[in-house]
Amino acid sequence: MPTVDDLSERIEFLQGTLEVLILRSLALGPNHAYGISLFLKQESDHQFLVDNGSLYPALQRLLQRKWIVGQWKTSPNARRARYYRLTPAGRKQLAVATSKWQRFVQAMGRVLALRT
Amino acid sequence: MGAWWSKLAGLFRRKAVDDELRAEMDAHLEMEADAHRDRGLSAEAARAAAARGFGNRTRIRESSRDAWAFEPIESVLRDVRYGLRVLRRSPAFTITAVAVIGLGVGANTASFTLLDHVLVRPLPFAAPERLVMLYESQPANGIPRTQTSPPNFVDWRAASKSFDVMGGYFSILFAVNLSGTGEPQRLDSAIVNAGVFEALGVQPAAGRVFTADDDRVGGADVVIISSALATGLFGGPERAVGQRINLDNQAQTIVGVMPAEFAFPSRGAQIWRPLRFSPALMASRSNHVLYAVARLRPDVSIDRARAEMSVIADRLRRAYPKDNARTEIAVARLRDMLSPQSRLLVLAMFGGAVCLLLIACTNLANLLLARALARAQEIAVRVAIGAGRARIARQLLVESLLLGAAGGAVGLLLAAIATPLLARLVPIALPVGATPAIDWRVFAFAAALTLATCVAFGAAPAYQSYRAPDLNALRSRSRAGRRTGVMRGALVVAEVAGTVVLLVAAGLLVKALWRVQAVDPGFRADGVLTLRTALPSPKYSGPPARASFYSRVLGAARALPGVTSAAYVSYQPMEPASGKMPVLVPGVFDDPLQAPSAIIHFITPGFFETLRVPIVHGRDFDDRDDEISPLVAVISQSLADRLWPAQDPLGRKLFAARAERTVVGVARSIRVRGIETAGDPQIYFPAAQLGTMSTYYAPKDLLVRVDGDPLVLAPSLTKIVHDADAAQAVADVRLLSDIVGAQTAPRRDQAAALGAFALLAFLLAAVGIHGLLSFTVSARAQEIGVRLALGAPRGRILAMFLRQGCVLGVVGIAAAVPLAYAAARGMSALLFGVNPADPAIYASAVLVAAVMTVVGSFSPAFRASSIDPNTTMRMAE
């Protein structure tokens, strides 16, 4: 069994991070909750382990803000699943959040890289 | 607005969202299981692994739904439903808790409503804080407040500058015959001048109040009536104005109707007649008949008014040394008319209610603490299956609020029932309406206090047990009780103490009641029927008219079967209206200010026989004591002792009731002004020798002693009076024993009210002890089982729990005794001389509390000793 469940290894999501990552994953195309969590795990090189207890509420918040919409479809391996896709508002939000996060990351990096 | 709609719509969409989430998660799990199967796990193992990795589905669904705005409303409804279910599941707890809250809230709301009505609330007049009463006082003679005379009143009013207006009125109500409108009625009337209405600032319900013109001697015959009377006679206030009614056979025009809540000078007044300072009224400065009510000018303090009145009093002393030599003027706020006893009584009731509320709260706290601990297990289970922390806290809060709300409703109901009962304690002398409305502020306060108790002792400990999850709680609750054991014990001690205090207070009042009931009034009241006729002045102002009326009525009454004697008297015993006057003895007591005063009665022959009052010296009056024979008097033994100590009073002269009279007899002393008032001596004069005294003193009360049931004779006596004079109304047909019994009625009410409080406290405390021990027994069932299995005798287990209860009882009782003594000292004015430290009462209260403790402890202790070790030990597995 993978050991990423170990709490000490996991990177805590900062407030609002998970929503941005979900929007980013949906920018590649519609996906269901399981698919989103797999995507984030793989793309983060197993640094992010998405807890369902965070994922589902985050999806509901995005639905409520009308940044994504859900639709029941049949998956490639013949399972019915609820696929989410970005709305135009969601796409706009992703752009805003991405630039914000990049500025944040650069700033963090610069400060942390200072010689002591 | 839009947000609101989406919330509301969301509420209805709740199920759809929930179903969708459920389906979505099912699909998610299937896909995850697929992945596990692809990695080679069996179908079953794959599903299990997926479920394990997924997390708590219920909690995820709940927190996902939290994202939607409908959550708060919807989940509160769910909490309420769940709370109701939980409360229904333990009916014994719920009923006890609701009853306890209800009692505390109800008793407090009712008694504080009374307190507020009598002591706190502004009187129902405009700017009541500026209203003052003016009295004469003679501090040198120990008379704090007494009536003034019309001439003094007129001088006060003319000389004072501190008041906007000053009104005068007769200190007592006068009964009048109302005739000409159906059945004749006797009603109480107040005699007031225009200044009274102006000072009080009251508006009539219809018509007008008196004006200065109505105060003029010889003014029109006008009256003001109460709205109850106006409605009864004419169908409403508006219709009554301008109508004419007959009062004591004189036609009067109704000029105004007072509103229903107007109760000045006191509650009984139904008719107001103008006070006119006729030459006869103005003749004497020693004619103490008036009270004065005045409105302070806005810029004048009561102290400045007092200073001014004291200057005026000084001037009157010098101008009229004969009557005013020692007279001061007392100025008091209208609110302070209430006697200290009445005030104390109301405070005692409130103290009792507060005590009860505290006991109720401690009991409630105890119940809730026990329950919270018992529920630690349930809560631990709910946490384990994923209940959110906020959810549990909210759930417990909702349950507490439900209990509080139900208890509050019960309390409101009790208050609505109890307030009219307690209102019987409202002193009659206060110028406020009879029945106070329930006070909502108090209700809110008492309800808030019990709610706070619910939350503090119900929700908080339960929540605590969640915050610091006791893993043991999941398995057993055996050790859970220890933490709050001390606190719960302290609560029981407080309950026992409160109960003892209330028991002592109630016991002392009951003993005072017994003592008052045991007082010998000096006359025999049983078997005596009394009734009253008015003898209105114009028709009966001449002595011959009265004499013939008396002889016709008394002759016919004595001829009735079963009647052994009959007499007429000016005001029967226990009637405060009977006059009190100085009795002068030439050469011994010449100064009216220093002479002893006596209650005066004008009587027909047969009075002493009818009341069974023995004449100890000399003779009774007889028919030869008429208006032309020498003036005579019978005095009471107490008056004889004052006037001529150790000497024979017979044949001596005294001056009383405006004439010199000779003492012909001495009668045993009786209590005339009230069963609790011993002090006033009595003096009696023949009815025929009224002389120049006002017809106010003409005998009007008929007393008839009957063998057998006196009430049977009531119709015959009424007929006899009507045969003598068809226009005479007969009123107040009563048994003298009822009149004497009514003297103790206020005491019975007091004792009953405090007794009820004490009984409730007793029950609550018994429930408290029983509840505490029951809980301890269940919590320690396993331990007891082990002890029994190891051979502990059952008697020892029984003794152990009994001891635990008794220790709490003893500590409570020990703490209570000094408190009870302090309370008893505070109310000693109500105790009619009963020692506030009466050992028998304390012993009884302690005994009752001890019995309560033992009885409350016995059943749980017995249950503990009969535990089956087999069962409890298995439970531990």
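## A guided tour of chains A and B

Select B:Tyr540: at a relative accessible area of 7%, this residue is buried (under 20% relative accessible area; exposed is over 50% and partly exposed lies in between, with a 1.4 Å probe and protein chains only). The model is predicted, so local features need pLDDT of at least 70 and side-chain atom pairs count only at pLDDT 80 or more, whereas totals for chains, interfaces and linings use all residues. Residues are numbered from 1 along each chain as its sequence is written, chains are lettered from A and ligands numbered from 1 in the order in which they are written, and side-chain values use heavy atoms, with hydrogens and water left out.

**Around B:Tyr540.** B:Tyr540 belongs to helix H19 (residues 537–540) of chain B; helices (H or I, at least four residues) and strands (E, at least two) are DSSP runs, numbered from the N terminus. Display its contacts (heavy atoms within 4.5 Å). Residues up to four places away in sequence not counted, B:Tyr540 touches B:Leu535, B:Ala545, B:Arg546, B:Phe549, B:Thr695, B:Asp725 and B:Gln728.

**Helices H20 and H23 of chain B.** Select residues 543–559 and 714–724 of chain B, which form H20(B) and H23(B); the two pack at an angle of about 150°, with their axes 9 Å apart. Axes are lines fitted to C-alpha atoms, for helices over the stretch in contact, and angles run from 0 to 180 degrees between N-to-C directions. H20(B) is therefore roughly antiparallel to H23(B) (over 145 degrees; under 35 is roughly parallel, 65 to 115 roughly perpendicular and the rest oblique). The crossing of H20(B) past H23(B) is right-handed, that is, the near helix is turned clockwise from the far one by less than a right angle. On H20(B), the contact is made by B:Phe549, B:Arg552, B:Val553, B:Ala556 and B:Ala557, and on H23(B) by B:Leu717, B:Ile720, B:Val721, B:Asp723 and B:Ala724. Eight of these residues are nonpolar, none polar and two charged (Ala, Val, Leu, Ile, Met, Phe, Trp, Tyr, Cys and Pro count as nonpolar, Asp, Glu, Lys and Arg as charged, and the others, Gly among them, as polar).

**Between the chains.** Now select H3(A), residues 52–64, and H3(B), residues 57–66: their axes come within 8 Å and cross at roughly 30°. The two helices are therefore roughly parallel to each other. A:Asn52, A:Gly53, A:Tyr56, A:Pro57 and A:Gln60 of H3(A) make the contact with B:Ile60, B:Ser63 and B:Ser64 of H3(B). This contact comprises three nonpolar, five polar and no charged residues.

**B:Asp18.** Move to helix H1 (residues 2–38) of chain B, which holds B:Asp18. B:Asp18 counts as buried, at 9% relative accessibility. Apart from neighbours within four places in sequence, B:Asp18 is in contact with B:Arg61 and B:Arg65.

**Whole chains.** Finally, colour by secondary structure. Chain B has 29 helices and 23 strands, and 52% of its 877 residues are buried. In chain A, there are four helices and two strands, in the order α-α-α-β-β-α from the N terminus on. Of its 116 residues, 35% count as buried.
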